[in-house]
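The following report describes selected features of a structure, from a single residue to the contact between chains.

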Protein chains: 2
Amino acid sequence: MVPLLQAIKSIIPVTAQEEELIGTLFKKRGYSKESFFVSEGEVCKYVGFIVEGVMRFYINDNGEEKTYGFIKENSFISNYGSFVPQTPSLQNIQALEDCRLYVISHADLQKFYRDVQHGERLGRLVIEQVFIQMLQDLNSFYTDTPEMRYDKFLTQNADLRQRIR
Amino acid sequence: MVPLLQAIKSIIPVTAQEEELIGTLFKKRGYSKESFFVSEGEVCKYVGFIVEGVMRFYINDNGEEKTYGFIKENSFISNYGSFVPQTPSLQNIQALEDCRLYVISHADLQKFYRDVQHGERLGRLVIEQVFIQMLQDLNSFYTDTPEMRYDKFLTQNADLRQRIR
């Protein structure tokens, strides 16, 4: 639970009592290599925090897998487009290595928002960050060449290069 | 201030004291037809709430204006990709009619988050909604034909058809 609490405490203050609550709301969950955090057609059940491992995001485009992102340890992960409205996912999130996560369900996240004093603030800041990152990726998609985007990806994720072959 | 307060109170409870605070944080602002809420290259200064009028979102694509959205009265409006990180906007938001808005600056929105008890919750829910809408629009862009998207737009915005010629 330590890395998750550290990540949360880097964004909002948390009391000792709230730490205990967070410990009951988030559950440990392992994903073996090639298993799915969420697959197309399924409702995304969790927001996760990756303690160890890396996952990839892809869509099925007429049978061809098109990868459009990776998330690694010490980051929150979800398919917000499915998780927030609780509608079926259009994308897949798959473990590229054996992964260890802490996950929180939709119902427990509402408890987190209600019972952790600054929980709503954490939620707002995390979703803002995900949204802004997505807008930047989209913009890069329209304005940069594939080579520029690949170079940018390698610069930002030098360590991933070895792990995602 | 009444329509703005109604919109806020439909999402979170607000005390009488908070209503007064909200009345000082949001400022009345008019945008005459064809003036800009934000233009490309400028940092988006406000989140607005449209009381009257309609605005369009467009990008300049090598001199050609490409419109990709409209927002009308009783809705929040911003270029979040510019407003949240306070970086220059890549898009334009322009009044299509004379518009009346209440606007809140970036600094005052931080006060709103700090001093309105459920302010963070409002912020989270609004940005979640904008984010999800954008994901749905993007998905429609990739999966629907232009005709299908136009039909969907007309169904969802029947009243706008007359106003945006």
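Thr143(B) lies in helix α5 (residues 119-143) of chain B; helices are DSSP runs of H or I with at least four residues, numbered from the N terminus. Thr143(B) is exposed, at a relative accessible area of 52% (exposed means over 50%, buried under 20%, partly exposed in between; 1.4 Å probe, protein chains only). From C-alpha to C-alpha, Thr143(B) and Glu97(B) are 32 Å apart in space and 46 residues apart in sequence.

This is a predicted model, in which local features need pLDDT of at least 70 and side-chain atom pairs count only at pLDDT 80 or more, while totals for chains, interfaces and linings use all residues. Residues are numbered from 1 along each chain as its sequence is written, chains are lettered from A in the order in which they are written, and side-chain values use heavy atoms, without hydrogens and water.

Helices α2(B) and α4(B) pack at an angle of about 170 degrees, with their axes 10 Å apart. That makes α2(B) roughly antiparallel to α4(B) (an angle over 145 degrees). The residues in contact (heavy atoms within 4.5 Å) are listed below.

| Helix | Range | Contact residues |
|---|---|---|
| α2(B) | residues 16-25 | Glu18(B), Leu21(B), Ile22(B), Leu25(B) |
| α4(B) | residues 106-115 | Asp108(B), Lys111(B), Phe112(B), Asp115(B) |

Between the chains, 22 residues of chain B are in contact with 22 residues of chain A. The two chains bury about 2000 Å² between them, 73% of it on carbon and sulfur atoms; buried area is the accessible area (1.4 Å probe) that two parts lose on being put together, summed over both. In chain B, Glu120(B), Arg124(B) and Phe131(B) lose the most area to chain A, together 30% of what that side buries.

Key. Axes are lines fitted to C-alpha atoms, for helices over the stretch in contact, and angles run from 0 to 180 degrees between N-to-C directions. Helices (H or I, at least four residues) and strands (E, at least two) are DSSP runs, numbered from the N terminus. Angles under 35 degrees count as roughly parallel, over 145 as roughly antiparallel, 65 to 115 as roughly perpendicular and the rest as oblique.
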